[in-house]
Amino acid sequence: MSKRQKIVILTGAGISAESGINTFRDADGLWEGHDVMEVASPEGWRKNQALVLDFYNQRRRQLKTVVPNAAHLALKELEKQYEVVVITQNVDDLHERGGSTNIIHLHGELKKVRSTGDEDLIYDWEDDCVLGDRCKKGYQLRPHIVWFGEAVPALEAAVDEIYDAHHILIIGTSMQVYPAAGLVGYAPRDANIYYIDPNPSINYELQRRNKLEVFPEAATTGVRKLVDRLLV
Ligand code: APR
């Protein structure tokens, strides 16, 4: 049997928009009413830990009220015929619940927390995390989220996956936040790139690709069309 082709799927907030989770770069430039640096930076954490914990508690609670949409669900179908890796900037678990099996979370996960004194101590976390919740070594726990200015530990694994991809699907991301937005630059020259987003922004890496096809539409309809085409 011939080796299966490989699809790498890069997703951003837009794929979860139709599940009811707001994207980041809305018109007001705020994230759920907050300046992003207040709730997504080490400085913000140092300034007000209770506020930051509460912000992610609210996001974690919201996650329990939403479900994967048709785009998340369609992506799992690709696993019937392809080797598939999802590399997401999203901290929700909608790809997991949508059935995808090989997922890299570049920016962390809402349903995990980690120690502020030992970054290897990571815990699954379903409910609220408050001041006084500690790791086994006694350090305060914090959200397992990559904040602005922090390293992206999963980046190397993501680059390794993209090097030998035949197809790259980019779904619902403004392609503004690096290093995630630069990952497509590691794809082979002859890889097919598909970009699904109602408001696509063709960044430097995408401008340099000649095998780029843009679907300027919502994830649920665009992913359906593309999956049907790729499953032959
Ligand atoms: N279907 C597909 N795409 C959509 C939809 C939809 N229904 N609705 C909106 N979009 C698109 C927007 O057009 C935009 O291009 O989703 C994108 C969302 O962009 P951002 O809000 O910038 O989200 P993202 O690219 O994931 O942000 C990257 O920035 O704040 C940080 O760490 C955070 O992971 C996040 C990163």
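Student: How far does a polar side-chain atom of S174 lie from an oxygen atom of the ligand?

Tutor: The model is a predicted one, and in it the separation between that polar side-chain atom of S174 and the ligand oxygen is 2.5 Å.

Student: And which residue has a side-chain N or O atom 3.0 Å from a nitrogen atom of the ligand?

Tutor: That residue is E18. The backbone takes part as well: a polar backbone atom of A219 is 2.8 Å from a nitrogen atom of the ligand.

Student: How much of the ligand's accessible area does the protein cover?

Tutor: On its own the ligand has 740 Å² of accessible area, and the protein covers 89% of it.

Student: How many residues surround the ligand, and which are the closest?

Tutor: The shell has 20 residues, and the closest are F24, R25, T173, S174 and D197.

Student: Why does the ligand lie between the two domains?

Tutor: The ligand lies between them because domain 1 (1-21 + 68-107 + 151-232) and domain 2 (22-65 + 111-145) both contribute residues to its shell.

Student: What lines the largest pocket?

Tutor: Its lining consists of 34 residues, with F24, R25, Q89, S174 and V177 nearest the centre. By class, the lining divides into 17 nonpolar, 14 polar and three charged residues. Both domain 1 and domain 2 give residues to this lining, so the largest pocket lies between them.

Student: What about the second largest pocket: how much space lies in it?

Tutor: About 350 Å³ of space lies there. The lining comprises 16 residues, and R114, H144, V146, P153 and A154 are nearest the centre of this second largest pocket.

Student: Changing topic, how many cavities of 30 Å³ or more does the structure hold?

Tutor: There are two such cavities, and the largest cavity contains about 190 Å³ of space. This largest cavity is lined by 15 residues, of which I21, N22, F24, V91 and D92 are the closest to its centre.

Note on methods: Residues numbered from 1 in each chain as written. Predicted model: local features only at pLDDT ≥ 70, side-chain atom pairs only at ≥ 80, totals over all residues. Heavy atoms only, no water. Near = heavy atom within 4 Å. Polar contact = N/O pair within 3.5 Å; in protein donor to acceptor, adjacent residues only side chain to side chain. Areas by Shrake-Rupley, 256 points an atom, 1.4 Å probe, with all protein chains shown as cover. Domains from an automatic or database assignment. 1 Å grid on protein atoms, 1.4 Å probe; cavity = no way out; pocket = protein on both sides within 12 Å on 5 of 7 lines; lining within 4 Å. Points joined across faces, edges and corners; volume = space filled by probe spheres on them. Nonpolar A, V, L, I, M, F, W, Y, C, P; charged D, E, K, R; others polar.
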